[in-house]
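User: Could you take me through how the parts of this model are arranged and how they touch one another?

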Number of protein chains: 4
Amino acid sequence: MIKVGIVGGTGYTGVELLRLLAQHPDVRVTAITSRGDAGTPVASMFPSLRGRVDLAFEDPAAADLKQCDLVFFATPNGIAMQQAPALLEAGVRVIDLAADFRIRDVAEWEKWYGMKHACPEWVARAVYGLPEVYREQVKGAQLIANPGCYPTAVQLGFLPLVKAGLVDCGSLIADAKSGVSGAGRKAETHILFSEAADNFKAYGVPGHRHLPEIRQGLGQMAGAPVGLTFVPHLTPMIRGIHATLYARIGREADFQAAFEACYAAEPFVDVLPAKSHPETRSVRSANVCRIAVHRPQGGDTLVVLSVIDNLVKGAAGQAVQNMNIMFGLDETRGLCQLPLLP
Amino acid sequence: MIKVGIVGGTGYTGVELLRLLAQHPDVRVTAITSRGDAGTPVASMFPSLRGRVDLAFEDPAAADLKQCDLVFFATPNGIAMQQAPALLEAGVRVIDLAADFRIRDVAEWEKWYGMKHACPEWVARAVYGLPEVYREQVKGAQLIANPGCYPTAVQLGFLPLVKAGLVDCGSLIADAKSGVSGAGRKAETHILFSEAADNFKAYGVPGHRHLPEIRQGLGQMAGAPVGLTFVPHLTPMIRGIHATLYARIGREADFQAAFEACYAAEPFVDVLPAKSHPETRSVRSANVCRIAVHRPQGGDTLVVLSVIDNLVKGAAGQAVQNMNIMFGLDETRGLCQLPLLP
Amino acid sequence: MIKVGIVGGTGYTGVELLRLLAQHPDVRVTAITSRGDAGTPVASMFPSLRGRVDLAFEDPAAADLKQCDLVFFATPNGIAMQQAPALLEAGVRVIDLAADFRIRDVAEWEKWYGMKHACPEWVARAVYGLPEVYREQVKGAQLIANPGCYPTAVQLGFLPLVKAGLVDCGSLIADAKSGVSGAGRKAETHILFSEAADNFKAYGVPGHRHLPEIRQGLGQMAGAPVGLTFVPHLTPMIRGIHATLYARIGREADFQAAFEACYAAEPFVDVLPAKSHPETRSVRSANVCRIAVHRPQGGDTLVVLSVIDNLVKGAAGQAVQNMNIMFGLDETRGLCQLPLLP
Amino acid sequence: MIKVGIVGGTGYTGVELLRLLAQHPDVRVTAITSRGDAGTPVASMFPSLRGRVDLAFEDPAAADLKQCDLVFFATPNGIAMQQAPALLEAGVRVIDLAADFRIRDVAEWEKWYGMKHACPEWVARAVYGLPEVYREQVKGAQLIANPGCYPTAVQLGFLPLVKAGLVDCGSLIADAKSGVSGAGRKAETHILFSEAADNFKAYGVPGHRHLPEIRQGLGQMAGAPVGLTFVPHLTPMIRGIHATLYARIGREADFQAAFEACYAAEPFVDVLPAKSHPETRSVRSANVCRIAVHRPQGGDTLVVLSVIDNLVKGAAGQAVQNMNIMFGLDETRGLCQLPLLP
């Protein structure tokens, strides 16, 4: 059994990690921390876990995380970079679900996140945990930067085109739509039910923190910097990301075949038949990315549709997938639950 | 492995059965029928099942259901009573998720359902599959009448009070609210998104088909006919039933303790601590009923709050629970997935 | 033109008042205050008002409210009782949309609202602004306590029965469901989209602040104290209250006729034909209460269904209706917009 | 008073027309027809109209529409082209809210709509009713082709850029999201609440009927054919369209100023300040299009955000706007109601 700790378990990625780990046959969660809710039983905050999770939130200072084999950070940005190094130096493996270790260019990170980085040396040693691209590196990693939700959907959608040089990488467009849980479980006015329901809007058009992360990933696939316009939107649903991607064709190919070949061996990427339109609910609660590729009217622009559950393949599920790889387990271990539809 | 057939798999109870059975370690679904969609792969209608369910819908006439150990009917009312007898006579066990075998008084059934019953003799032999009340009978049953969704939530909420004679059974009130999936996957105007979203209404106040079913169940608990006012409502969510129950106190008792004692050994009924308010999402996708009992202001009226997922404990999950009991499996087999929250 | 001021305009009742008053032909809003947002143009907080409302929020200390003919308080509980007296003494009329002046028994108010009342003398002089009951008193009032949303729906639903002594007033039950905007525009976790969507729950069952207000109103109609069980619920829609009311018949009558007679002359109460089920969306955005009365199965219990838009007939619309009465205008002035459906 | 008839009043554009026309000071609706619901009072199908609309649906054959000054067709595609000519020849003016007269190239229309056109001669005489582009022609028109909902949002968003030749018109992209009411009030499975709620998907990517309509309009603005990729999506809200438009800059300019200048005199187009993100709810129930233009990161791609209420500026409201222009009324007559927020 892998002894697992969770730092910051009161948000949506935290409770989703608990849901997945409590059903994972090779894991025992031994500690979960929360500064604000120390002492509260987890199941009294999240009644869905009643009878199945007996832990109480512990004060971070008191929790003995160093005896864990692996610690997940489900904290706001800026926490893991302060607390993870001590654990890493003690030999504990760490998966950070926040953004602290995602951007290799520390100056760029500091610009977008508005703070000084506390441990640039660990940024260099972190592995970006998108298994479909970096599986080999994940195997030997001690520190994983778990990808953001938008970046997962967008990178998996563009991968077969960009890696093979099939499209013009100077003018990629990612029009992405997220359910409201992507904004976290914070008491903020703009994500109140009465503000976000029966409403649709774009946000962050001048610049969103996931832009440099996506640009970095696509650039690595392409082997050169890419041009990307990224527009995120808030849509009135709880879970789900739908990325609609546009790319100018650079070289003719059988694009459907290219997608199918690229993902033929991937357990968690499902390429739909031609002419398909994946729905976010078809992946609700599951660690799956479903993708369709279109060439409307036979024109010069490809349209890729990529859907994930932002809390699973876009956060906690992908973190568990990375854990499985790091610990030599079957990659699908504990991640085979079927999507919930309707 | 139990060989299972499903008749009528294109509705919500059908796809939910598939979701649960595809993850059940002791079951193999060998046939699924649909008159209208014969030939269609199940996973092309329900993409959530892609890669996990390889069956195609078969024409009911062609399907060899008699070689199954168990057949579930997830059909509209009036179908099972016509098709189940041939299977039953061939020794196959049957669980009907519709209403054909729920009401023991056939004349009463015919009045509420507006049709002649095709096999009254099997009504008499059917067992009403509410395990918390009829577990022993379920063990030996060949034919199970799986309870309705409202009746499950309401009966489990009233059971500890009515069986022990703690309340006045002449004036019980059940004010119940259902998610829209309870109305099924039928193309009807009133359950369109644009009609049912951002809206709330009662329906069937003059008389709803679940009224005689609930009255029958409560009457059996009480040992005498009960007086019941039942008002169902449609609420803009996909899954979930919330029953708010009102009963006049007949005899003083520790009501919280009565609930806890009644359900102490039940794997799928969770009595919350005093002062709690169960949420429907705390049971979303899970085979659980959560219940709280209140005595507001110390008055003479008890208020019971009872929540289930209408498609799980209110339909497919309870059917699988009955299957487990019938086949001597652990009752929780295949039913331990955690609720999806948020 | 009536010169109107609004204190506390950044919540939902505030913006709804602005929507109605900006379209009222006899009103000019001359000042709107907000402690936290002084200086912000109203239309930059609420873009729906762009081009139609040119005011900016003013600091309460700076606003010259005494030159207004009427000031609406759309503030949290406990503010109006502190700020209204100075205005009242200066001859300004006041309508408080919060609860400060609703409960005549000051000790009772202090118990439920957890604070000392700042001006009990004005409680005695306030008129409870439910025009269908207190229209004559409203005409001459200087201070109106605008009713709560639940109390409006519940009192209008019970009025024809209780006033005429047709039901047993010792055991009334009000099972009420509210859209989330009823909880206000406060940054609180439990009303986040991802918490409140696709979910249903009761709350405040041990005791809700609207209980004493409803009990007071029903008691005045009945001429004696009443017994009331009140259970509010949160339902995933933005606007709307649906009250389902239960009463034991005390005296036989034509109940449909009693409702129609009671409300025959009322411009804002619509009694539906027998067997009807009013939907909350049928009153969305309009100052209307629609009501249906049922006697299920011809039994001894009546069921009344009463729907309002909580922000209109349950708050801002009713306040404008009171204003119209106070200033001798046609009661429907500025309140004739049709409901928005779908 | 303008005597108005409505053909096909049982859908969402029909009931929305009724809502607007019942409040229009210069209009009297004298007839409304429905083949399937003849005899039914309008207010019994749409209770929101109780007490305000006294008409009953008439059989189309029986209705005397020739005495109307104006007839609106709120029918499915293919009806107006059969029934309008007789009215037009009798001198009645006609506004068709469906697509029968929108595409000037009849062969193109027949390809996309899959039927033979019944009156190509009237296509040539019809005016495309987008007042911001064709106001002068609308003034003298006898037959108006009222634009589609997506085409309205997309054309108004692109107009200032395309007309002035500021962008590369060979590779325009319109990523559009619609509320579910855009699919009409038809009993179809895919728009059931339980299918469309908590879900997001693209549809019609290979080709949607609004594509040729938008392409025609943009081509007329540009004076040459344009290249357009159009991807519509279904989003879980009732009303609203959000179009996110992408265009490569062709010529440097002050794009914010260009938008403001283009729409300075328009009563129903609102250009937001720089850096804004319009929300669909900011136009809910109102005949307004709100637009923002962005140039993310100072790059070579412009992003335009354009929102409308699909049933108002995208259908019934724009039809009333056209009526006002045709009859020489103030263009805003009857269209000044404020948006409903929240």
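User: How far apart do the C-alpha centres of domain 1 and domain 2 of chain A lie?

Analyst: This is a predicted model, in which local features need pLDDT of at least 70 and side-chain atom pairs count only at pLDDT 80 or more, while totals for chains, interfaces and linings use all residues. Residues are numbered from 1 along each chain as its sequence is written, with chains lettered from A and ligands numbered from 1 in the order in which they are written. Domain bounds come from an automatic or database domain assignment, which gives domain 1 (2–125) and domain 2 (149–310) in chain A. The C-alpha centres of these two domains of chain A are separated by 27 Å.

User: Which helix gives the most to the side of domain 1 of chain A that touches domain 2 of chain A?

Analyst: Counting residues as in contact if their C-beta atoms, placed from the backbone, lie within 7 Å, nine residues of domain 1 of chain A meet seven residues of domain 2 of chain A. Helices here are DSSP runs (H or I, at least four residues), numbered from the N terminus. With three residues, the leading contributor on the domain 1 side of chain A is helix α4 (residues 106–113).

Notes:
Contact = placed C-beta atoms within 7 Å. Helix = DSSP H or I, 4+ residues; strand = E, 2+ residues; numbered from the N terminus.
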